[in-house]
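Work through these exercises with the structure open beside you. Each task is followed by a solution in steps.

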Amino acid sequence: MPSAFNAHNTNPLTQYPQAWERAGQVKLLVLDVDGVLTNGQVWIGADGKESLKAFDIQDGLGIKLLEQCGIPTAIITGRNSKMVLARCEELGIKHVHMGVENKAIVLAEVIKSLGLTSADCAVMGDDWPDMQMMKQAGLRICPAQGHEAVKEFAHLVTTRNGGNSAVREVCDLILKAQNRYEELLAKARS
């Protein structure tokens, strides 16, 4: 593991040695939304409809950095949300699948459409509906607050909670494992 990667004291990468190697092979990042890109809370307004979602800005930059390196992101979520669609448009995420009951089937379609294999993708999910989709992935990731069964199933559990830079933590890992992080950081500093 390169010295540029600083493992977190609360969740050192040494606990997940397979994650580094697997991150080096990632060509697609697939994310659930609630509990991954958000903290998992759903705010329902007086009209009975979802009224608010909060997204972490660092997660967004991580997604954009991956895209700059030719690694697209896909969203596969069980809920329909105009707020998710707006955030995906803002980030330039082209593969957005909402209202999905069987996430594994949709993931297989996305992988095929991009000419990839399941080993080429990382999937981040936090609860049982994500497990069949995660099963197909070369790198399975769960945020820190995810359900215990998903944590046990994952190749990596992040140090951060969903909606609190957990996705950025994964993006940084992928960039570091693929020797792109330092180059991007140097550009940001110049």
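A charge sits over a ring if NZ of Lys or CZ of Arg is within 6 Å of the ring centre and within 35 degrees of the ring normal. Keep in mind that this is a predicted model.

**Exercise 1. Charges and rings**

Find what lies over the face of Tyr-181, and at what distance from the ring centre.

*Solution.* Start at the ring of Tyr-181. Lys-176 lies over its face, 4.4 Å from the ring centre. Now move to Phe-153. Arg-140 lies over the face of that ring, at 4.3 Å from the centre. Last, look for rings that pair with each other. Their centres would have to lie within 6.5 Å. The count of aromatic pairs is 0.

**Exercise 2. Cysteines**

*Solution.* Set the cut-off first: the two sulfur atoms must be within 2.5 Å. Take Cys-69. Take Cys-142 next. Cys-142 is in no disulfide, and its nearest cysteine sulfur, again that of Cys-171, is 16 Å away.

Now check burial. A residue is buried under 20% relative accessible area. Cys-69 has 16%, so Cys-69 is buried. Cys-142 has 0%, so Cys-142 is buried as well.

**Exercise 3. Helix H2 and its partners**

Classify how H2 (residues 57-68) is set against H3 (residues 82-91), then against H7 (residues 166-177).

*Solution.* Begin with H3. The axes of H2 and H3 come within 10 Å and cross at roughly 45 degrees. Roughly parallel needs an angle under 35 degrees, and roughly perpendicular runs from 65 to 115. H2 and H3 are therefore oblique to each other. Their crossing is right-handed.

Turn to H7. H2 and H7 pack at about 25 degrees, with axes 7 Å apart. That angle makes H2 roughly parallel to H7. The crossing of H2 and H7 is left-handed.

**Exercise 4. A loop residue**

Locate Asp-34 and decide: buried or exposed?

*Solution.* Find strands E1 (28-31) and E2 (43-44). Asp-34 is in the loop between them. Its relative accessibility is 12%, so Asp-34 counts as buried. Then compare chain and space. Asp-34 and Val-84 are 50 residues apart along the chain, and their C-alpha atoms are separated by 9.7 Å.

Technical notes: Residues numbered from 1 in each chain as written. Predicted model: local features only at pLDDT ≥ 70, side-chain atom pairs only at ≥ 80, totals over all residues. Heavy atoms only, no water. Phe/Tyr/Trp six-rings, centres within 6.5 Å; stacked < 30°, edge-to-face > 60°. Buried < 20%, exposed > 50% of the residue type's maximum accessible area, 1.4 Å probe, protein only. Axes fitted to C-alpha atoms, helices over the stretch in contact; angles between N-to-C directions. Helix = DSSP H or I, 4+ residues; strand = E, 2+ residues; numbered from the N terminus. Parallel < 35°, antiparallel > 145°, perpendicular 65-115°, else oblique. Left-handed = near helix turned anticlockwise from the far one by under 90°.
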